[in-house]
Amino acid sequence: MSNNEKLKEILALILEIDVRDINDSTSFDVIDSWDSMNHMSIILSIEEEFNIKISDEAALDLTSYPLLLKLLKL
Amino acid sequence: MVISGDKIMSELTFLKVKKRLNGNKLTNLPKVSISILRNITVDQVGDYIEYYGLQSNLDIECKFGGFDNIFQDIIALDSELVNQDSDVILVFYHLEMIYKQLSYLYPSFTLSERESATENIIKFVENCLFEIRNRSNAVVLWPSLELYVLSPLGIFDNHYNDGVNDFILDINRKLSSVFSKFLDCFLICSQSLVSRIGYNDFYDQERRISAASPYSLAALREYALESVKYIRALKGLSKKVIVCDCDNTIWGGVVGEDGVQNLQIGSGALGGIFEEFQHMLKTLSKNGIVLALCSKNNEEDVWEVFEKHHGMVLQKNDIAAYRINWKNKIENIKSIAEELNLGLDSFVFIDDSDFECQLVRDKLSNVTVIHMTKNPIEVINTINEKGFFDRYSLTNEDALRTKMYISDSFRRKSTSSVVDISSYIQSLEINVQVSYCNSSEISRVSQLTQKTNQFNLTGKRYTEQNIKEMYQSSNFRIFTLDYNDKFGSLGLVGVAIVEIDRVCNLPAIDTFLMSCRALGRSVEYVFLDTICRKIYDMGYSSIKGIHIPTKKNKQTEDFYIRNGFEVVIGNELSLELLLPMPKVECIEKNQFKSVSFKNFMEKNNV
């Protein structure tokens, strides 16, 4: 599974949306289920899956699929 | 269910948990409702609990209480979290949230400050348990306070006998005696959970400070696993029977080949481990777990070992049932179940033979099979870790004794107990101070507009530069609210920005927000009241409120209306309301110890 697919899977499972619906406009402001709690789950899960540490300062701004992609340099 | 001796937990990622939960949801499983009350952020624990529930064939639903609203959630009228339908109530009452930076402050505490800190915590917990028991029969699980693994006093913490860890241990001991007075209320030993995975993996120090989220995913997984052990016991899913093979299972070697005296039990490295394993089995049997043997052997050989080997811990009368013969084990286990009149789903089967293990797995899928590896220590650990045989009380008498104790001692205490929100808020001794934002607070104010989603009337986000410009402009007033109570200070938790329209001579509340740390205590009402009064004092006869619905601020939709504002104009995108002044006195204020408006720097150009 590519990293991009992995990221999409994380978003889809946590936000309970369809993987195929994830695109450049998928963000905190647009997706109802993307609340601050799920945001934290996303960040923690990315840390776990990609074995990285995201500072809380940075996590605050990583509120969309494109920004997360950029973080993972995909 | 198939268990091997090796650790599988570390491979259980949050994503795997989510995948399992989103996968085929079985609806015919027994349902369990858990309410999680907390003063910290622990939301991911719910996913792990539901996951471990499914592993145990339980359909668990987790509901979360408000942040730092433990007592309010218990005593709320028609509480959704604490009622007759709740099966389990799990409470996270984290010390660092009660007394922030306790480890640093503690050394300067006076003796009486220490005592009152202890008293405050004990009283709070006792009141919570009492009020829960008045409303629900749910099992209560409450992790104890954790020690500081690294004390800021270093080795010196041990040098004077009232170091911070002694202080915590003392509270835990007192809590433990409080818990013993309440039926089905259990203090979970947090320190054991920390030890299982280690301090470094247990805590998320950065998020403890930034998000009030002190635990790592791994720690939440441990809390979930531990909680589900209690839930399994509650639902009668604990195992009741342990069926063991003999050769290379309860002793080392094969009796038919090696001879009785050459078996390894008691002496030697391996013998010591089998001795420990037998001690474990004996303890289980003493505590009501039925011990059975199922072995392909000559029966007299086996009993000869029991009689003649001096290393044997188990005695023949520890064995409730046995099938020592050359028949296949499926038939033997089935007939043990019939003899004991117990279901196979309450059976654990332990055997060193891959063949027998696989056979039982295939043919008797309800039986939990543990493969005895070369190292029995792994099996001992597995049994302890999984908690197959966990029960609440060892005997019925234990339970009964506890019950009698409760009815006796707690009725008479009910008069001193806190019963409604209002008196609870009073007991917190809240001090609220509203003031104009000063220059050192600009950054915090901006941060709150960026971060606050739930209690934020307009959801407007402002950068530091934006706030600075408003601060310097005569058209804006930025109010801040500082909160403290008998447990300490929460700091700056409320922001209101009022824009004064010079043309209409009308002030409008552009931003009104409260950090969720301070919700559930009526602070928001007092804050609104205080700023309205201040605006009135400036000579304005009405004030405009604005509500802009966002995806996250539903709880604020009727805030202005409940405070006497009337709708002027609006649609689903935005609502404008007007409050004629003077505003009706806000009664919530009377519950606070003090509400003050402090004018650090009244602007000249009002």
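Two residues are in contact here when heavy atoms lie within 4.5 Å. This is a predicted model, in which local features need pLDDT of at least 70, side-chain atom pairs count only at pLDDT 80 or more, and totals for chains, interfaces and linings use all residues. Residues are numbered from 1 along each chain as its sequence is written, chains are lettered from A and ligands numbered from 1 in the order in which they are written, and side-chain values use heavy atoms, with hydrogens and water left out.

**View 1. Where chain A meets chain B.**
The contact draws on 29 residues of chain A and 22 residues of chain B. Together the two chains bury about 2200 Å², 54% of it on carbon and sulfur atoms; buried area is the accessible area (1.4 Å probe) that two parts lose on being put together, summed over both. On the chain A side, A:Leu13, A:Glu48 and A:Asp56 lose the most area to chain B, together 27% of what that side buries.

A salt bridge is a side-chain nitrogen of Lys or Arg within 4 Å of a carboxyl oxygen of Asp or Glu. By that rule, five salt bridges cross from chain A to chain B. In one of them, A:Asp56 meets B:Arg207 at 3.0 Å, N to O. Both residues belong to a salt-bridge network that links A:Glu47, A:Lys53, A:Asp56, B:Asp204 and B:Arg207.

**View 2. The chain A side, element by element.**
Three helices, α1 (3-15), α2 (36-50) and α3 (56-59) of chain A, each supply at least two residues of the side that touches chain B. Helices (H or I, at least four residues) and strands (E, at least two) are DSSP runs, numbered from the N terminus. The largest share of this side, ten residues, comes from α2(A). By class, the side of chain A that touches chain B has 13 nonpolar, four polar and twelve charged residues. For these classes, Ala, Val, Leu, Ile, Met, Phe, Trp, Tyr, Cys and Pro count as nonpolar, Asp, Glu, Lys and Arg as charged, and the others, Gly among them, as polar.

**View 3. Chain B as a whole.**
Chain B has 23 helices and 19 strands, and its C-alpha atoms fill a box of roughly 105 × 55 × 50 Å along the principal axes. Of its 606 residues, 54% are buried, where buried means under 20% relative accessible area, exposed over 50%, and partly exposed in between (1.4 Å probe, protein chains only).

**View 4. An enclosed strand in chain B.**
Five of the five residues of strand β4 (residues 88-92) of chain B are buried, so the strand is largely enclosed by the rest of the structure. In a regular strand the side chains alternate between the two faces of the sheet. Here B:Val88, B:Leu90 and B:Phe92 are buried on one side, and B:Ile89 and B:Val91 on the other. Strands pair if DSSP finds at least two bridges between them. Strand β2 (residues 31-38) of chain B runs parallel to β4(B), joined by five bridges, with B:Ile36 opposite B:Leu90. Strand β5 (residues 139-143) of chain B also pairs with β4(B) in the parallel sense, over three bridges; there B:Val139 is the bridge partner of B:Val88.

**View 5. Salt bridges within chain B.**
B:Glu131 and B:Arg135 form a salt bridge, their closest N and O atoms 2.6 Å apart. Both lie in helix α6 (residues 111-135) of chain B, four residues apart, about one turn of the helix. B:Glu131 is buried at 1% relative accessibility, while B:Arg135 is partly exposed at 23%. A second pair, B:Glu226 and B:Arg196, meets at 3.0 Å, N to O. B:Glu226 lies in helix α11 (residues 217-234) of chain B and B:Arg196 in helix α8 (residues 190-197) of chain B, so the pair ties together parts that are 30 residues apart in sequence.

**View 6. The surroundings of B:Leu284.**
B:Leu284 sits in helix α13 (residues 269-286) of chain B and is buried, at 16% relative accessible area. Setting aside neighbours within four places in sequence, B:Leu284 contacts B:Ile242, B:Ile289 and B:Phe389.
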